[in-house]
Amino acid sequence: MTGHRKLTPGKLIIASHNQGKVREIRALLAPFGIEPVSAAELDLPEPEETGTTFAENALLKARASAEGASCVALSDDSGLCVSALNGAPGVYTADWAEAASYEGGPGRDWYMAMGKVEGKLAELGHETDRSAYFICTLALAWPDGHSETFEGRVQGNLIWPPRGTLGFGYDPVFQPLGFDQTFAELDPQQKHDMSHRADAFKKLVDGCLT
């Protein structure tokens with residue numbers, strides 16, 4: 001594929017305050033001589049995600065970090081899209097987990113979020129379609145305003161109750177097609193190799209790193 005701007009070895013901001021995401025992206029970048037630094041480590045603010053698509057939100061985050069640190073930034077906007085719920089929670093995936101934390105401030109309760117999805121599916125009856133997919137849009141932004149986006153997906157079905165302690169977010173209820181285990185039961189490397197993030201990342205590597 002032509003027309004992509006190449007990433008050069010060196011520092012890259014991961015525009016995320018989600019440690020699970022930062023860990024996954026760091027592992028994916030390791031072989032390319034890129035030195036990832038998270039936005040949280042640099043105290044960069046998290047912009048409000050006002051976009052209505054994954055690409056819009058990913059670009060908002062990447063551009064905010066690129067401008068804030070005068071450095072190339074990579075961000076990820078990802079979510080769970082459930083067929084029977086018309087693609088919900090979709091771009092609002094994290095919002096479904098918003099809950100007051102014990103300290104009284106905002107926090108995220110993923111068990112509650114998984115329960116919300118399950119509750120809505122249960123209302124539709126036993127025979128309802130439980131297929132879903134994770135989607136990931138990666139955005140790269142340069143301080144001069146140039147940007148690139150890459151989208152990846154992984155198909156699967158939702159199970160209940162949640163299983164597994166690996167992974168994060170909705171991983172314990174997502175069983176990828178062809179597997180008996182959920183994302184939270186799979187070895188992290190196995191998940192890395194097949195996840196929506198890995199799919200998007202392969203496209204980014206093809207476009208900007210090779």
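Let us begin with Ser70, which is found in the loop between H2 and S3. Please bear in mind throughout that this is a predicted model. Although Ser70 is not a glycine, its phi is positive, at about 50°. Its relative accessibility is 59%, and Ser70 therefore counts as exposed.

A second residue belongs beside it. Asp43, also not a glycine, has a positive phi of about 60°. Asp43 sits in the loop between S2 and helix H2 (54-69). With 70% relative accessibility, Asp43 is classed as exposed.

Staying with the backbone, I turn to the cis peptide bonds. One runs from Ala88 to Pro89, with omega near -5°; Pro89 is placed in the loop between strand S3 (73-82) and strand S4 (98-100). Another joins Trp160 and Pro161, where omega is about 5°. Pro161 belongs to the loop between S7 and S8.

Now to the aromatic rings. How many aromatic pairs does a search of the whole structure find? The search finds six. Among them is Phe32 with Phe201: the ring centres are 6.5 Å apart and the planes meet at 55°, so this pair is tilted. The two residues come from distant parts of the chain, 169 residues apart, with Phe32 in the loop between helix H1 (19-29) and strand S2 (34-38) and Phe201 in helix H5 (residues 196-209). Phe32 is partly exposed, at 26% relative accessibility, whereas Phe201 is buried, at 4%.

Trp110 and Tyr170 form another pair. Their ring centres lie 5.3 Å apart with the planes at 75°; because an angle over 60 degrees counts as edge-to-face, that is the class of this pair. Trp110 is in helix H3 (residues 110-123) and Tyr170 in the loop between strand S7 (147-158) and strand S8 (174-176), so the pair ties together parts 60 residues apart in sequence. Here Trp110 counts as partly exposed, at 22% relative accessibility, and Tyr170 as buried, at 3%.

Ring pairs also link Phe134, Phe174 and Phe183 into a cluster.

Leaving aside residues up to four places away in sequence, Ser131 touches Val82, Ser83, Gly156 and Asn157.

Note on methods:
Residues numbered from 1 in each chain as written. Predicted model: local features only at pLDDT ≥ 70, side-chain atom pairs only at ≥ 80, totals over all residues. Heavy atoms only, no water. Contact = heavy atoms within 4.5 Å. Phe/Tyr/Trp six-rings, centres within 6.5 Å; stacked < 30°, edge-to-face > 60°. Helix = DSSP H or I, 4+ residues; strand = E, 2+ residues; numbered from the N terminus. Buried < 20%, exposed > 50% of the residue type's maximum accessible area, 1.4 Å probe, protein only.
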